[in-house]
Amino acid sequence: MADRVDQAESWVLHTRPYRETSLLVDVFSREHGRLSLVARGGRRPQSSLRARLLAFQPLSLSWFGKGAVRTLHAAEWQGGLRDLAGGTLICGFYLNELLLRLLPPEDAHATLFDAYGATLRALVAGETPERCLRRFELVLLEEMGYAEPLHQTAAGAPIEAERRYCWRPETGLVETAGGDEDGSYAGAMLQALTAGDWSHPAVLQGSKLLMRALIAHHLGAGQLHTRQLLIDLNTL
Amino acid sequence: MNATASDLPEPLAALIDGLRALPGVGPKSAARMAFHLLQRDRSGATRLADGLRGALDRLIHCERCNSFSEAPVCGLCASPRRDARQLAVVEMPVDLNRIEETHGYSGLYFVLMGRLSPLDGIGPRELGLERLIRRALDGVTEEVILATNYTVEGEATAHYLGELLKSRGLKVTRIARGVPAGGELEHVDALTLAQALVDRKNY
Ligand SMILES: [Zn+2]
């Protein structure tokens, strides 16, 4: 990896305090993937970086150094995207948590990067959040090489609209023996999902459960914080 | 600092270890601070020790605003001169102080002592949001002013507080953001200007 990177298209995923006055910034850049940068003095009131390192805003970042600690030295706001507001903010945090948990560091994924930007733009434009999130989850799983073939069963048989299927970790989709088994998915839903047709509410609902199962499997231990936050808010 | 903890006299090792409790202070900084206090500023060290001991022994959280207080209800919350119909929600005590310095607000406060920070695992439970809801539903409060930061975490906090409080019949407002006082557009950063345009108001 180069010692110096200039003006890389990037998104800030998360910032944390680092040492006395600095910030540790997790970024997702189009050409360099996910990495951590140190914004030296980034917590000082007069820091010019401080106000620019906002999540969900398109940025152009420049850094130098290699290894675990790279130093961020310039951040330019690219503009053109309104803030995520209200309930869509938690969708943004969810996308970031997925990337922080699932995307290995320093692995460039331009397709995923573009999908991330498109998802934020769609959320800002007021598109149904569920639809935006499901579409992103699919791209993420595909890009990670985690996407199970959802157009066929583990045995290689095509998915049929009238039948029902279960998804099993390590195996994939298996046709259920008898009707409406718990946690089974309608073949028609799977067909719509792979075709990217989200027009039916049942497709959104079914794919939400399936995506959740797939993501949970790849996350391993540990609940997603963003999901827990929504559960806790609902109890207030 | 190549000396290991075991080479140091026990009280010095304990001091260095204690200073590491400060956010962002690693072993080297902690050792530097300890030597500075002991060698160059012993009266400062005494003030620090007394200040810490006093704060630990005497400070509690005010029942009303959740900020630090010596009494169960702090002076500000107990003052008859404050307008109890307004309640400003801030993240930290320092934010309360900043608003007080403006001399432009006479209502009361609630200090969250943090913000929702989903990626750090700080949710409604960790933040104790139900205490704020109870406080705001005292029957006197009419308007809750959300004065959390304009960061993504502060915005998310404001959004969910707004939803929770509005659904309980309270009027909820949010402090405005935009071009700073005395600000010339030429010198305002682009992001601030873009947000000021989005948040423009009837005139
Ligand atoms: Zn008080």
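Me: At roughly what angle do the axes of helix α1 (residues 88-102) and helix α5 (residues 201-219) of chain A cross?
Reply: This is a predicted model, in which local features need pLDDT of at least 70, side-chain atom pairs count only at pLDDT 80 or more, and totals for chains, interfaces and linings use all residues. Residues are numbered from 1 along each chain as its sequence is written, chains are lettered from A and ligands numbered from 1 in the order in which they are written, and side-chain values use heavy atoms, leaving out hydrogens and water. With helices taken as DSSP runs (H or I, at least four residues) and axes as lines fitted to C-alpha atoms over the stretch in contact, with angles from 0 to 180 degrees between N-to-C directions, the two axes come within 10 Å. They cross at roughly 40 degrees.

Me: Which residues of α5(A) meet α1(A)?
Reply: Contact means heavy atoms within 4.5 Å. From α1(A), the partners are A:Tyr94, A:Leu98, A:Arg101 and A:Leu102. On the α5(A) side they are A:Ile215, A:His218 and A:Leu219.

Me: Which residue just after α2(A) takes a positive phi?
Reply: Helix α2 (residues 110-124) of chain A has 15 residues. Just after α2(A), a positive phi of about 90 degrees is taken by A:Gly126.

Note on methods:
Helices (H or I, at least four residues) and strands (E, at least two) are DSSP runs, numbered from the N terminus. The expected span of a helix is 1.5 Å times one less than its number of residues.
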